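Student: I have a new structure open and would like to learn how to read it. Could we go through it together?
Tutor: Gladly; let us look at it first.

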Amino acid sequence: MGLRALEICVKMKINFVVGFSGSDSTSVLVKKARAYCATNQKSGLSYLGEDLHDSYGNVTKIIATAQLWKCDAVYPGYNILSENHVAVEKITRAGLLWIGPSTNVIKLFSHRYATRELAKKYNLDVFDAFLIISKKQLLKNCQNGKITFPFMMKTFASGGGRGNNIISDARDLENNLTKIDTRTKNYYAEKYVSGRHIELQFVANGCQVKYLGTRDCSCQIKFQKILEEGPANIEKSQLATLENRLTPLLLDLKYRGLGTAEFVYAPKENKFYFLEINPRIQVESPVTEELFDIDLVATQFTLAQDDGTALRKEYSTEKKYAIEARVYARDPYDHFAQSVGMINLFKTAKINSITYHTGYQVGDVISNFYDPLLLKVVSSARNRASALQKLKQALQALQINGVTTNKDLLLWLLAQKEFKNKTLTQDFIESAWQKHLSYLQDDKRKFLATGIFQEVISTEKINPQKLINTLKYSRNGVQRNYLAELNSKHADSPQKTAFRFGIFHRDKLPVIFAWWDFSYFGGTLGVDETLALEKCFALARKKKLPLVMSTRSGGARQQENTLALAMMQYILHAYEKNGRPFFINIFDQENFGGLNASLTGLADIKIATATAKIGLTGPKFLAAIMSDGETLPLGAQGAQEHYTARNIDELFPDLYSACESAFGLCRFVCDKSEIEKLSQKKIPLAPQKTKSMSVSACLKYLNNPKRLRFADIINPKTGIFSDIKPLSNFASPDNLVYLPIMGALARIGKHRVMIIGQQSIGKNGNILSPSAKDFKWMRRKMQLAEKLDVPIILLGDTNGADASLDSEYAGVSHEISQALLEQTKLSVPIISINLGLCGSGGGLPFVNLADAAAALERSLKMVSDIRVQGTILSGNDHLTSHAQKKLLDMLQDATAKGQFHYGLIDEIIPHSSNKKILAENIKNFIVKSLNQLTALSKKELLVKRLQRQEKIKRNLLTK
């Protein structure tokens, strides 16, 4: 007895006894029954046995329990006894009323071959079939063409798709024959046609039949339904024909109770083939209940009492559409294997016109003993589109932890065009889902499995016949025709492009996730891909979502030649037209050619896996271009080389880690909520007093490797910033490479900020000097801060820019001036802090006339390196250390006090040997400045910035 039957008994004031097994002793049903029995002593509970066959499958125990409690009737629901005619006969002989059709009816319809033979007599179409007497006879019938592949081997008694085996070819037949025992003569062979599974719900009282609409139950996996909807798409004339042929069959059997007639609609023949009749209530009955506003469980009770209300009533279908999704404890990523475990979270959302049917709650254990159906989610509305939208919302909000569910599969199904167009057939889901999984690489699949991914299929595609290219070529000795290949792809593949995308949801955060399917023309870029990419950019603009893209590509489509080149330019137009969405690109494995030239360069943040290869041409062709012909330099086109060249922001060992980092960055960008400060604990501030310090004393401190550095500042343990998302790893995966300029997105107090800082000392104590490529990277990140509308925190600490010839030729001075000019135009607040040394122009873009500027008490700002300055000022290349010290101590404007005197900084941050106190002082300055600057409008901020520049000049003129 299920929850629904219990509720009906309570509502109709019928006394009951609930039989339960050991596995169900703590179930919702037992708990609710026990609570009701506490106030009604005529009802009760009875322990039947520990396992399935010793409890619900033990007819003797059930009869004994019913007689002990003086019950009048037995209600089976849709459990294992509902179609067991032997059990039904024993129950009725014991003088108990069976709430369901008679024994003879159940006996007939539990024998599926006999049922189909009866249906033929009433002019219902059935598939060709024959009884399997022996393996020899079956093989002979296959050989002489009595039945052709594919066909199904079915057992007589098993329902719900169990016992069905599709035999596709001779090898399938051979494999299945080893698994079955034909001596039982329990099998028959039936022609298999993939079509739509349609059901007719009816109610009968022995002399009258009433039909309650149709259901489409084509969404199946291994013949197990996972989603049903109604009404089914069936012509009125066809429905009338089916009802007219069914009615005499049911009346001749004096059928009493609920029932469902099941058919397969073969689209090519436009014909309905009869399958079976289920003489019981079904799992999908809520679809009919929503459509007709009827309680089918209550109807079973009234029919058993000879109450004909259900047949006399006129039913309104005000709610025009209903859909039910079955949430199973099955793993769609592991061949739909049953999942077992304890439910530790079970949360549904309250949504209008959504109802939930479940017998589970938190703490329940899902075992292998019973069917793994956890929950039915039923959506109803005036039309299919609205019902689907509500169902989608309910599934997205559903949270079940402790066992793996098929929720991802259901959401994926709702997004498929075959489902949306109602052209889906019984065999679609299993094969399409496997194709879907095969498209996802293991790491990508692993990442997408952490949330919900709904792929968007681009409907626009080019007509290959319009391509004037007649290219025929040979590959690996095989003659190929490009247009024929493209036509084949369009005809056979549900995915028409190498570019694929969809919306990924996790923890209430949606992002667009896209990738290049390397199995489709090597992931190359052509017209179809550009059309899909434009749709992706448009979706990002419409939904205001960030875009994470994983690229693996052979470049632009060689076969589409001029058109592919045109598409490279069109991508820029599409990106610009759609408002330049926030875009993270992940380079994985091969990334060559026109895709890099046109698309990946647009990314705001670039991430790579350690195995990625990146370039405008493949290694083989690059070697030929270099006239080497065979070899390339060690690491050429490698991800680490691109990282040190500042073309890549972050490096990760695998795609999963890269995707997680990208998602974390998206969360930071999209989450507008304010957060509390890291700690409520107040650290006593150092006295706000500063003292005059000599340049040589400051230099001695700055050369101490244990002083506060950029890496310390952005370490969460320091307590200045929180929720830190690196924009550079600070070191490569093997921890060998340190970079002169690094960055991160982070929070401080209630503010989101972009941090860009200098690191003057490498891991091995070597001096790091920023080059042209580092300043280019800095400029890109400042532009990103402008795009994200977040303030910029600049942390300076360098001896100076790289003065090597390579850096000079690369335009380091040009990049420094461009970085400074960029800052005058930015409309976001800029805060500058000198952590250590600002020298040789390389520190100027970080230690500058920002909107708010400060310097640590022991920091210095110098035109050149100490040795260079000594040589220039003295004209002596060999100054003694004492002479150098004496000379440098005269440069008092280099000190923090000197900078403050001229108004170059607003505040001196007092020194403290306690790093926590020093960090708190830095934090206080940043938070105070942010609170003031973010209160200004963009116009006021730019005006203030210009006034600040003028103020420096006035100070020099008056002091």
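Student: How much space lies in the largest cavity?
Tutor: Rolling a probe the size of a water molecule over the atoms shows where empty space is left. Here the largest cavity holds about 70 Å³ of space. A cavity is a set of points, on a 1 Å grid over the protein atoms alone, where a 1.4 Å probe fits but cannot get out. Points are joined across faces, edges and corners, and the volume is the space filled by probe spheres set on them. The structure holds 7 cavities of 30 Å³ or more.

Student: What kind of model is this, and how are its residues numbered?
Tutor: It is a predicted model, where local features need pLDDT of at least 70, side-chain atom pairs count only at pLDDT 80 or more, and totals for chains, interfaces and linings use all residues. Residues are numbered from 1 along each chain as its sequence is written, and side-chain values use heavy atoms, with hydrogens and water left out.

Student: Which residues line the largest cavity?
Tutor: Lining residues have an atom within 4 Å of a point. Among them are Asp216, Ser218, Cys219, Arg384 and Glu418. By class, the lining has 3 nonpolar, 2 polar and 5 charged residues. Asp, Glu, Lys and Arg count as charged, Ala, Val, Leu, Ile, Met, Phe, Trp, Tyr, Cys and Pro as nonpolar, and the others, Gly among them, as polar. Strand 10 gives the largest share, 3 residues, and helix 15 (417-420) also supplies at least two.

Student: In which sheet order do the 8 strands lie?
Tutor: Helices (H or I, at least four residues) and strands (E, at least two) are DSSP runs numbered from the N terminus, and two strands pair if DSSP finds at least two bridges between them. In this open sheet the order is 13-12-9-10-11-14-21-19, with antiparallel pairing. Strand 13 (271-278) and strand 19 (354-358) are the edges, each pairing on one side only. Neighbouring strands are turned by 25° against each other on average, direction ignored.

Student: What packs on that sheet?
Tutor: Contact means heavy atoms within 4.5 Å. Angles run from 0 to 180 degrees between N-to-C directions, with axes fitted to C-alpha atoms, for helices over the stretch in contact. Helix 9 (residues 236-252) touches strands including strand 10 (209-221), and its direction makes about 110° with that of strand 10. Helix 13 (residues 384-397) touches strands including strand 21, at about 145° to strand 21.

Student: Where do the residues of strand 1 point?
Tutor: In a regular strand the side chains alternate between the two faces of the sheet. In strand 1, Val17, Gly19 and Ser21 point one way, and Val18 and Phe20 the other way. Buried means under 20% relative accessible area, exposed over 50%, and partly exposed in between (1.4 Å probe, protein chains only). Since 5 of the 5 residues of strand 1 (residues 17-21) are buried, the strand is largely enclosed by the rest of the structure. Strand 1 runs parallel to strand 2 (residues 44-49), joined by 5 bridges, and Phe20 has Tyr47 as its bridge partner.

Student: Which residues of helix 6 are buried?
Tutor: An α-helix has 3.6 residues a turn, so residues three or four places apart point the same way. The buried residues of helix 6 (residues 112-121) include Arg112, Thr115, Arg116 and Ala119. Their cover includes helix 5 (103-109), helix 9 and strand 13.

Key:
1 Å grid on protein atoms, 1.4 Å probe; cavity = no way out; pocket = protein on both sides within 12 Å on 5 of 7 lines; lining within 4 Å.
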